[in-house]
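Here are a couple of exercises to work through with the model open. Try each task before reading its solution.

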Amino acid sequence: MRKPILAANWKMNKTPAEAVEFVKALHTQVMAYPSVETIVCPPFVALPAVVEALRDAPVGVGAQNLHWKASGAYTGEVSAPMLAGWVEYVIVGHSERRQFFAETDKMVNQKVKLALQHGLKPIVCVGENLEHNKVGLTDPRVTWQVRAALADLTAEQVRDVVIAYEPIWAVGTGRTATPEWANRVCGSVARAAIEELYGQEVAQAIRIQYGGSANEKNIGDLMAMPDIDGVLVGIAGLTLDSFVEMVRVTASLY
Ligand code: PGA
């Protein structure tokens with residue numbers, strides 16, 4: 001059985017002090033739910049303080065982004081070797097990065113490779129926009145993104161990847177995909193694409209999250225689906241009570 005993984009992506013929210021206050025309360029409340037892997041992804045500047053506050057706590061830490069090169073003249077950027085040893089996970093190819101920072105599938109692939117080379121587990125975001133969804137292009141779009149993100153990886157490396165299916169029309173909109181839709185894309189599209197590349201055993205081992213307006217009210221129905229192994233959550237992950245409730249509901253199913 002795949003261990004469920006709930007990751008809060010805080011985006012450009014919370015100061016280091018606010019982040020520390022949150023995770024201190026979070027870790028005492030989620031200690032009761034070891035069947036769920038609980039992760040927070042704070043802004044870069046909060047990472048050292050959050051990592052310190054969570055030392056020996058059952059809450060993991062991820063970064064929200066990394067550069068596709070290990071070092072160099074890239075003002076304002078943060079690279080895999082800088083994150084290595086600090087965080088366990090790193091979000092790659094979030095739709096906001098693709099949309100507002102012009103990230104391409106090629107950059108996403110380079111970032112995934114560099115993350116893995118430095119011992120970081122990438123949470124790779126894929127998902128169709130509203131236009132593609134409306135004209136029935138979800139499946140080829142998601143298949144393409146999964147294949148592009150994982151290009152040139154060995155089966156051993158792919159095991160450390162988490163995929164997050166995040167339909168862009170659902171991210172931050174309050175409009176959640178139905179559990180059936182999300183499950184179909186996670187399973188029959190994303191997992192199927194991995195199976196085609198790496199075989200059934202690897203595909204069954206990889207965790208695939210859903211993301212897009214997941215919250216404490218809809219998580220039960222989402223997590224009850226066989227191919228949804230967790231959620232990547234934005235807005236609801238900013239509020240302690242909501243996020244803890246999401247972990248609690250998930251734990252009740254696992
Ligand atoms: P949301 O964000 O939960 O606010 O829709 C999800 C995400 O961006 O990962």
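Two exercises follow, both on a predicted model.

**Exercise 1. The ligand and its surroundings**

Work out how many residues surround the ligand, which are the closest, and what polar contacts hold for its oxygen atoms.

Solution, step by step:

1. Start with the shell: 13 residues surround the ligand, and the closest are K11, H94, E166, G172 and S213.
2. Sort that shell by class, and you get five nonpolar, six polar and two charged residues.
3. Now look at oxygen atoms of the ligand. A polar side-chain atom of K11 sits 2.7 Å from one.
4. Finish with the area: the ligand taken alone exposes 280 Å², and the protein buries 99% of that.

**Exercise 2. Placing R207**

Is R207 buried or exposed, and which side chain does its own side chain make a polar contact with?

Solution, step by step:

1. Find the residue first: R207 is part of strand β7, which covers residues 207-211.
2. Check the accessibility. R207 has 14% relative accessibility, so it counts as buried, the cut-off being under 20%.
3. Follow the side chain: R207 makes a polar contact with the side chain of E37, at 2.8 Å.
4. Then list the other neighbours. Leaving out residues up to four places away in sequence, R207 touches R2, K3, P4, I5, E37, Y89, V161, V162, I163 and D229.

Conventions:
Residues numbered from 1 in each chain as written. Predicted model: local features only at pLDDT ≥ 70, side-chain atom pairs only at ≥ 80, totals over all residues. Heavy atoms only, no water. Near = heavy atom within 4 Å. Polar contact = N/O pair within 3.5 Å; in protein donor to acceptor, adjacent residues only side chain to side chain. Areas by Shrake-Rupley, 256 points an atom, 1.4 Å probe, with all protein chains shown as cover. Nonpolar A, V, L, I, M, F, W, Y, C, P; charged D, E, K, R; others polar. Helix = DSSP H or I, 4+ residues; strand = E, 2+ residues; numbered from the N terminus. Buried < 20%, exposed > 50% of the residue type's maximum accessible area, 1.4 Å probe, protein only. Contact = heavy atoms within 4.5 Å.
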